[in-house]
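Open the model in a viewer and keep the selection tool at hand. The tour goes from one selection to the next and says what is found at each stop.

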Amino acid sequence: MANHIATITKLANEKNIDIATLTELLEQRNDGIMSFISVKARKAMSEAFDGKITIKGAVSISSVCKGDCFFCGIRKSNMNCKRFTLTADEIIERVAFGYEKGIRLFELRGGENEEFSDSELCAIVSKIKEAFPDAEIELALGQKKYSSLLAYFRAGVKGYTLRFEASNNETYSRLCPTNSIDQRQISIAYLKQVGFEYGTGFLVGAPFKKAPELAQDILYIKESNPDVIDISPFIPHKDTPLAKFKAGSAEETLFVISLLRLLCPNAKIVANESLDVLMEKGRKMAMTAGANVVTVSLDTADKAECYNIYDSEIEYIEPEKVIAKTKSRIEKFGFKAN
Ligand code: SF4
């Protein structure tokens with residue numbers, strides 16, 4: 001234990017760690033180490049963001065996807081997935097709803113598809129920016145051509161998130177068979193070149209991913225230095241090839257959030273909604289572990305039911321109530337909701 005405390009203190013001071021030591025730390029995680037690192041991570045988050053936690057409103061704009069990732073409930077081969085694509089007016093209405101409730105950061109997310117042409121998507125973004133000039137818009141719509149990304153950026157999109165899920169070549173191909181990690185990394189590099197605040201992330205506890213591969217993912221993030229980090233635990237979906245695999249661990253995800261906070265103190269780290277599926281108040285626990293952005297879904301009940309990337313038994317709650325509860329939690333926790 002004393003040894004691990006010294007390792008974490010060194011990591012926090014130097015913002016670096018070698019892969020062998022990181023692997024050992026992941027393998028030997030225990031409650032004592034977790035509580036030590038979360039205090040340090042929370043302090044680092046508070047210093048970097050002046051005690052402010054941002055609520056991000058997520059609007060699922062389409063459940064159509066041409067990808068076939070083995071873990072994902074909206075993969076193209078899942079014939080039980082109900083497909084939908086919002087109209088431009090529906091997207092703008094959801095953003096307007098969130099704006100009225102005080103949200104200023106929005107993510108338009110969806111499967112990788114051609115449901116919107118570049119000009120349609122740019123027109124939606126321009127309309128949002130015109131109506132709500134202080135709203136920030138991020139996209140998470142899968143891999144896109146460089147020219148498409150540039151068009152979105154010029155239309156006013158501030159950030160783009162593209163997760164890599166697993167940086168190890170073999171693990172990646174066992175999770176995302178229709179793509180390659182090399183192509184994924186090229187697409188991630190485009191985001192930086194275009195000038196986005198760029199986000200990325202990975203699955204914790206995914207099948208075939210052991211501590212050395214997880215350590216590799218963490219160090220890939222450190223090296224690529226994203227503005228936004230969004231990680232989540234693997235949660236099996238009953239209609240996918242990985243349905244029978246065990247879910248990842250919420251505790252391990254929280255530990256990784258703390259490690260990432262110490263390695264990348266100025267990155268925006270997201271408390272992903274999926275944590276609530278595995279742990280009561282999972283997003284709140286992510287804040288205590290060093291996350292400074294909380295995602296809140298702005299989807300209506302019918303769309304939330306279709307956009308099921310993973311299985312969840314959590315009952316749908318109206319976004320208005322979730323936003324109010326999230327704000328009050330942030331304040332109770334001693335931070336300011338932004
Ligand atoms: S992870 Fe993304 S690209 Fe893969 S199937 Fe799901 S939505 Fe499509």
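Start by selecting Glu 112, which counts as partly exposed because it has 19 C-beta neighbours inside 10 Å; a residue needs 20 or more to be buried. The model is a predicted one. Glu 112 sits in the loop that joins strand E2 (105–110) to H5. Leaving out residues up to four places away in sequence, the contacts of Glu 112 are Cys 65, Lys 66, Gly 67, Leu 141, Gly 142 and Gln 143.

Which residues surround the ligand? Select Cys 65, Gly 67, Asp 68, Cys 69, Cys 72, Ile 74, Arg 75, Gly 111, Glu 112 and Gly 142. Coloured by class, this shell shows four nonpolar, three polar and three charged residues. Glu 112 and Arg 75 are both in the shell.

**The whole protein**

Zoom out and switch to a cartoon view. The protein has 14 helices and 11 strands. Its radius of gyration is 19 Å, close to the 20 Å that the globule rule gives for 338 residues, so the protein is as compact as a globular protein of that length. Along the principal axes, the C-alpha atoms fill a box of roughly 55 × 40 × 40 Å. Buried residues make up 45% of the 338. Among contacts with a separation of 6 or more, 77% are between residues 24 or more positions apart.

**Two helix pairs**

Select helix H4 (residues 88–100) together with helix H5 (residues 118–131). Their axes are 10 Å apart and the packing angle is about 30°. The crossing is right-handed. To see the contact, show side chains for Ala 88, Ile 91, Ile 92, Val 95 and Ala 96 on H4, and for Glu 120, Ile 124, Lys 127, Ile 128 and Ala 131 on H5. This contact between H4 and H5 comprises eight nonpolar, no polar and two charged residues.

Next, select helix H6 (residues 146–155) and helix H8 (residues 181–194), whose axes come within 10 Å and cross at roughly 35°. H6 and H8 also make a right-handed crossing. Here Tyr 146, Leu 149, Leu 150 and Phe 153 of H6 meet Tyr 190, Leu 191 and Val 194 of H8. What classes of residue make up the contact of H6 with H8? There are seven nonpolar, no polar and no charged residues.

Move to Phe 202, in the loop between strand E5 (197–200) and E6. Is Phe 202 buried or exposed? It counts as buried, because 27 C-beta neighbours lie inside 10 Å. Beyond residues up to four places away in sequence, Phe 202 touches Arg 163, Phe 164, Glu 165, Ala 166, Asp 217 and Ile 231. For a distance label, pick Phe 202 and Lys 268: they are 66 residues apart along the chain, and their C-alpha atoms are separated by 15 Å.

Then select Lys 210, in the loop between strand E6 (203–204) and helix H9 (211–224). With 12 C-beta neighbours inside 10 Å, Lys 210 counts as exposed. From Lys 210 to Asp 239, 29 residues apart along the chain, the C-alpha separation is 24 Å.

Select Thr 21 in helix H2 (residues 19–27). Thr 21 has 14 other C-beta atoms within 10 Å and is therefore partly exposed.

The last two stops concern backbone angles. Most residues other than glycine have a negative phi. Lys 15 has a positive phi near 55°. Find Lys 15 in the loop between helix H1 (2–14) and H2; it counts as exposed, with 12 C-beta neighbours inside 10 Å. Asp 50 also has a positive phi near 55°, and its place is the loop between helix H3 (31–49) and strand E1 (52–62). Asp 50 counts as exposed, because 9 C-beta neighbours lie inside 10 Å.

Definitions and conventions. Residues numbered from 1 in each chain as written. Predicted model: local features only at pLDDT ≥ 70, side-chain atom pairs only at ≥ 80, totals over all residues. Helix = DSSP H or I, 4+ residues; strand = E, 2+ residues; numbered from the N terminus. Rg over C-alpha atoms; globule rule 2.2 N^0.38 Å. Contact = placed C-beta atoms within 7 Å. Axes fitted to C-alpha atoms, helices over the stretch in contact; angles between N-to-C directions. Left-handed = near helix turned anticlockwise from the far one by under 90°. Nonpolar A, V, L, I, M, F, W, Y, C, P; charged D, E, K, R; others polar. Near = placed C-beta within 6 Å.
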